[in-house]
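Please read it alongside the sequence and the model.

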Amino acid sequence: MNTTIKANPFDTTILNNGVGSRELRDQLLKATETLISSLQSSEHPYSGKAPEEVESEIRQLVTFREDQTSFSDVIDDLNKTVIDNSLFISNEKSIAHLHCPPLIPAVVGELLIGAMNQSLDSWDQSPSATFMDQEMIQWLTSQFGYSEASDGVFTSGGTQSNYMSVLLARDDYCKKQWDYDVKQSGLPAQFNRMRILCSESAHFTVKKSAAQLGLGENAVITVQTDENHRMSLSHLRSKIAEMKSEGLVPFLIVGTCGTTDFGSIDPIQELAVIAKEENIWLHIDAAFGGALILSHSHREKLNGIHQANSITVDFHKLFYQPISCGAFLLKNGKHFNLMNHVADYLNPEEDRDEGILNLVSKSTQTTRRFDSLKLYLSLKTIGTNLFARLIDSTFELATDVADYLSEQNDFEVLTKEPELNTVVFRYVSDQEINQVNRNIQQELYHSYAAIAKTTIDGKNYLKFTMLNPRTTLKDVIDIIDRIRVLGEKWRKHV
Ligand SMILES: *Cc1c(COP(=O)(O)O)cnc(C)c1O
């Protein structure tokens, strides 16, 4: 019998301890070097190509051959099309959205996550990752001031976390108030009386969740904001009183810690008092502002957050993680029972009886990424002090930029004292200002800097979101100078 070992045709394609390991190293080196040279040669956040041109280049790329192609060639083609025409989010002049430049250990963490490919639904698919995920959740809950009774789960981001808050608050209310089991029986007959309260600046995913969970967008009642874009407490109280007199049942208040445009923070302590008095679930959407737990200068703005029944926090924003990475934290971990579904192949009752931890019970997802690893690597490598400085420097820059803009007489600034790190402003002139600001944002994107646009009370504004700790005041002043030049130009053309 011939016992010579034949090379397996899949050796270079699937990770293994032989040829596959060398292949991994080679491909990684090629990809890393390509990325580095692309970073080095990119001058602006965006190449400036017209969308149709990029679309057609990519259409030509997406065809597959029957035969293999060398990874190196594939990457070279990718570089010229996808990488070079991507938004260089780490560029100092990319300051548009809540979209962060990623930390280096977290980027490398993505490789480990992919290579280990643990699945966080059942313990047997993630024997060590399950515990890392759980320990990271416990570290987080304690940072937010929660007790041992709390729990949480990593999510794909704020959308999923907010969805989970509406789901659990809804089902908890029905159970407590009406002894009604939504999981088994669907929505109760009284469902059309159930109401959610949030401010008019709350994230749109509150309404989206209400719609998806059968309550309808109209179940979300928006509360006015004050001059600082925070939920008005007097208006909240009067809304609650009004609802009760109409026989409606407010079961959830969503407070926002860091609204998308203004970074404003609803009065958390006072919301907690009202929620308790009224026996309403309080959820704090801290997708943006949750990173303040690490801040030295702004941490006290989270005071009272431990009283919330649940919290949304995103790590792919001010925690500088590659997309996606978020968490949903729950003050009373027992509430996860409301959404537990048993699958005999993943989390059977016997496993629970034997103390085997299958995290699928806590998630709306089944197969789930080991995202906690990249956050762990970042915190461990960078340390909490430098992390705090990363975050705090963006707040300082926003203040400096707002001060600078306020001194210019051709700019109107809405955030004279930024709460977090967004600056909302617009170029003013005697002409049709809305169209001028729209044109400025677009032309700037294609030529020099990525900044955002937003609409406030029907007027077009421009917005900077300072997420890059490497962006300097000089970088931003250079952008402002360009805005002025474009403003002058468009003022004459529209
Ligand atoms: C970004 C954001 C969300 C949505 O989170 P994703 O991670 O994009 O799903 C929800 N709420 C607030 C306040 C946000 O800033």
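## Salt bridges

The structure, which is a predicted model, holds 27 salt bridges. One of them joins Asp76 to Lys30, with the closest N and O atoms 2.8 Å apart. This pair links distant parts of the chain, since Asp76 belongs to helix H3 and Lys30 to helix H1, and the two residues are 46 residues apart.

## The largest pocket

The largest pocket contains about 1,300 Å³ of space, and its lining is made up of 38 residues, among which Leu35, Leu39, Ser90, Pro102 and Val107 lie nearest the centre. Two or more lining residues are given by each of helix H1 (19-41), helix H3 (71-83), helix H4 (104-116) and H12. Of these elements, H1 supplies the largest share of the lining, with nine residues.

Two of these helices, H1 and H3, are also the ones that carry Lys30 and Asp76 respectively.

## Backbone geometry

Most residues other than glycine have a negative phi, and most peptide bonds are trans. Against that background, the peptide bond from Ile323 to Ser324 is cis, with omega near 0°, and Ser324 is located in the loop between strand S6 (310-314) and strand S7 (326-330).

His229, although not a glycine, has a positive phi of about 65°. This histidine, His229, is placed in the loop that runs between strand S3 (220-223) and helix H9 (233-245).

Conventions
Residues numbered from 1 in each chain as written. Predicted model: local features only at pLDDT ≥ 70, side-chain atom pairs only at ≥ 80, totals over all residues. Heavy atoms only, no water. 1 Å grid on protein atoms, 1.4 Å probe; cavity = no way out; pocket = protein on both sides within 12 Å on 5 of 7 lines; lining within 4 Å. Points joined across faces, edges and corners; volume = space filled by probe spheres on them. Helix = DSSP H or I, 4+ residues; strand = E, 2+ residues; numbered from the N terminus. Salt bridge = Lys/Arg side-chain N within 4 Å of Asp/Glu carboxyl O.
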